[in-house]
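Hi,

Here is the structure I promised to send over. Have a look first, and my notes follow below.

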Amino acid sequence: MVIDVLERDDLAFPRSLPEFQRLFPDEAACATYLERARWSDGFVCQHCGAPGDPRYVSTRPGVLRCRKCRCDTSLTAGTVMERTHTPLSVWFWAAYLVASQTPGMSAVQFQRQLELPRYETAFQILHKLRAGMVRPDQDRIGGNPAEHVEADETYVGGRTRGKGRGVHDMALVAGAVEVKQRKHGGSLNKRRTGRYAGRVRLAVVPDRSAKSLGGFIERVVTPGATIITDDWSAYATLGKRGYLHTAVAERGDMQVAETFLPIIHLVFSNLKTWLRGIHHGVSPQHLQAYLNEFTFRFNRRFYPFNAFRSLLGIAGNVTAPTYAELYAKKP
């Protein structure tokens, strides 16, 4: 089942906190909204295929019963809310706060805002929503002849206390970003060159080898796209992988970096500032989830209010981490 995330007249759009409160005053309003989002043309039983208005099961909130075959269908089945014991209203508040707050919010802030009794509940809800921020059929970036892609890698996180100087406990993150060109003379043309970032892709990679970095590029960038990277040897195989590759020798020269790879470096700078400022650092175990959230926010920065319904829609058919998986200690 795919949830429609386009503009629809029957799905009101909350653009402020008072409007959100009017639209979703209770559990019934949230359930009605979710039903309309999941079945835009009316409920269809997943067991017998019969259409028609279902009957809500009073003893089981969020469960619809087919009037023909009497089989039950959960409103949250196939979403990140599946099998949840948390009220739908809390999930809707979480989705709205995460989507509407430009810098996002930490689990501690979320717990405080909704008066949740346990930090672990807030942490798990936010991580489940982060799982819903990535579409299973996510398309690849680039491919427009008038644009190109910048790609690079950077180290994120790490604590060096008590371990001396150098890089310790840091995770390697690979990134790729579309570079678009604004029209000359436009009011938004603030950069001298008029370049700005399109969609971005970020992923934790095990090392700086050609297998890891080249594999990342193949997963996220459209074949045949023009790519600019530094002259690290791992990127030398991109030409053989079907890309129009240009390698730039930075050699630590900031002017060269600003000229040829300014956008990806800006993305990395914003990412690190966001991780330190909002979350005060994250563990390597959960870093990919936070990269997903940053990507979700970055790619929707021009349409901040669309993120709420997009988040609920993308959550369809996504497997969210369980409590045990979130708190499992990796060797």
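Strand β5 (residues 171-181) is mostly covered, with nine of its 11 residues buried (buried means under 20% relative accessible area with a 1.4 Å probe, protein chains only). Keep in mind that this is a predicted model, where local features need pLDDT of at least 70, side-chain atom pairs count only at pLDDT 80 or more, and totals for chains, interfaces and linings use all residues. Residues are numbered from 1 along each chain as its sequence is written, and side-chain values use heavy atoms, with hydrogens and water left out.

Back to β5: strand β4 (residues 148-156) pairs with β5 in the antiparallel sense over nine bridges (pairing takes at least two DSSP bridges between two strands). V156 has A171 in β5 as its bridge partner. Strand β6 (residues 195-205) also runs antiparallel to β5, joined by nine bridges, and G175 is partnered with L202 in β6. Strands here are DSSP E runs of at least two residues and helices are H or I runs of at least four, numbered from the N terminus.

Now the helices. α4 (residues 107-114) packs against α5 (residues 119-131) at about 115°, with the axes 8 Å apart (axes are fitted to C-alpha atoms over the stretch in contact, and angles run from 0 to 180 degrees between N-to-C directions). That makes α4 roughly perpendicular to α5, a label covering 65 to 115 degrees. A107, V108, F110 and Q111 in α4 meet Y119, A122, F123, I125 and L126 in α5, contact being heavy atoms within 4.5 Å.

Cheers

Technical notes:
Angles under 35 degrees count as roughly parallel, over 145 as roughly antiparallel, 65 to 115 as roughly perpendicular and the rest as oblique. Buried means under 20% relative accessible area, exposed over 50%, partly exposed in between (1.4 Å probe, protein chains only).
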